[in-house]
Amino acid sequence: MANKKLEKCVPGLEWEKEDIKNIDGSIGEKYYYKGMLAIKIPLQGNFVTQLAGYTLIQKDILIIIEWIQKVIEEYKIMGIDKSDLSSTQRTPDNLRNKIDIIKAFMVAAITFYGKLFTKADGRKIKLESNIYESKLGLLKIHNEIMMYRHNFTAHSGYERVEYVEVSLFLDSNKERNTIPFLVRTMNQPAAFSNKFLDNFVKVCIYLLNKVNDKINNLNKKYYENLTPKQIEMMYEIAKR
C-alpha cells in the first residue's frame, strides 16, 4: 500500500481510490476501504442507464465551458474586444490563423451542446428544451445556439449563416477584351460577440446545475432503496 498513489474519495471518509492501467491500455480504478481492497460489483438496469447518461452529459457540459473559456482567453491574448468582431464581417488577414483556431473551439462547443439534446444509442439519455422551464431568456439563448448547430456546425440549413457568393468581374473597359475574373467570396461565422459567449456560458452553468441535481437525486434514491438483504446478495454474487 505504501507505493500506491491513493486519493481520498470523500474528505473525512475511509474510502480511497487508485487509478490503474488495464491490460488493453484503458484506464481503470481500484477502491480501498480502511486500506483493504474493495470488491467491485458491476450494476445494470434503468438506474445505471440514467446515472451513466447524466454523467456523460455532465462531462460534456464541463468540456463546453472549458472551450468557451479558451475562446475568451484567445481574444484577450489577441488584444481585441470580442464585440469588435461580428459573425458576418470578413476576418482581417492578420488575425485569420487565430480566428480559425477560435472557430474550431466554437464548432466543437456548439456541436457538443447539440449532442446534449440528441438521443444516441450509446448514451440513452438526452436533455429536453423544457429543462429551461419558464426561463424564456435562457430558452432564447438555447435556440440561438441550436440555430448555429443546425445551420453551421452540423448542417448548412435555411438560415444564411454560411454561404459562398460567386461573382464575375468584368473589365470596365470592354475594348480591351479582358478575360472576366471569377471570384468566390465565402461568408462563415468568423467570430462570436461578447454577449453570445457570455450567454453560452450562462446556459451551460444552468444546465450543469440541473444535471448535478439529477445525479444527486439518483444517488440519493438508490441509497434510500438499498436494503441489508440486497447488500448481502452482492457479497454472495462476489463469491461466484
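Me: What makes α1 roughly antiparallel to α4?
Reply: Helix α1 (residues 46-78) and α4 pack with their axes 9 Å apart, at an angle of about 155°. Axes are lines fitted to C-alpha atoms, for helices over the stretch in contact, and angles run from 0 to 180 degrees between N-to-C directions. Angles under 35 degrees count as roughly parallel, over 145 as roughly antiparallel, 65 to 115 as roughly perpendicular and the rest as oblique. The angle of about 155° is over 145, so α1 is roughly antiparallel to α4. Helices here are DSSP runs of H or I with at least four residues, strands are runs of E with at least two, and both are numbered from the N terminus.

Me: Which hand does the crossing of α1 and α4 have?
Reply: The crossing of α1 and α4 is left-handed. That term applies if the near helix is turned anticlockwise from the far one by less than a right angle, and right-handed applies if clockwise.

Me: What kind of model is this?
Reply: It is a predicted model, in which local features need pLDDT of at least 70, side-chain atom pairs count only at pLDDT 80 or more, and totals for chains, interfaces and linings use all residues. Residues are numbered from 1 along each chain as its sequence is written, and side-chain values use heavy atoms, with hydrogens and water left out.

Me: Why is the pair of Y148 and F196 called edge-to-face?
Reply: Rings of Phe, Tyr and Trp (its six-membered ring) pair if their centres lie within 6.5 Å; planes under 30 degrees apart count as stacked, over 60 as edge-to-face and the rest as tilted. The centres of Y148 and F196 are 5.3 Å apart and the planes are at 65°, so the pair is edge-to-face. Y148 belongs to helix α3 (residues 136-153) and F196 to helix α4 (residues 194-225), 48 residues apart. Both Y148 and F196 are buried, a term for under 20% relative accessible area, with exposed over 50% and partly exposed in between (1.4 Å probe, protein chains only). Y148 and F196 also belong to one aromatic cluster with Y113, F117 and F200.

Me: How many aromatic pairs does the structure hold?
Reply: The structure holds nine aromatic pairs. One of them joins W15 and Y33, with 5.0 Å centre to centre and 45° between the planes, and is tilted. W15 lies in strand β2 (residues 15-21) and Y33 in strand β3 (residues 27-33), so this pair ties together parts 18 residues apart in sequence.

Me: What makes W15 partly exposed?
Reply: The relative accessible area of W15 is 37%, which is between the limits of 20% and 50%.

Me: How do you know that K17 and E29 form a salt bridge?
Reply: A salt bridge is a side-chain nitrogen of Lys or Arg within 4 Å of a carboxyl oxygen of Asp or Glu. For K17 and E29 the N to O distance is 4.0 Å. K17 is in strand β2 and E29 in strand β3, 12 residues apart.

Me: Is K17 buried or exposed?
Reply: K17 has 18% relative accessibility, so K17 counts as buried. E29, at 39%, counts as partly exposed.
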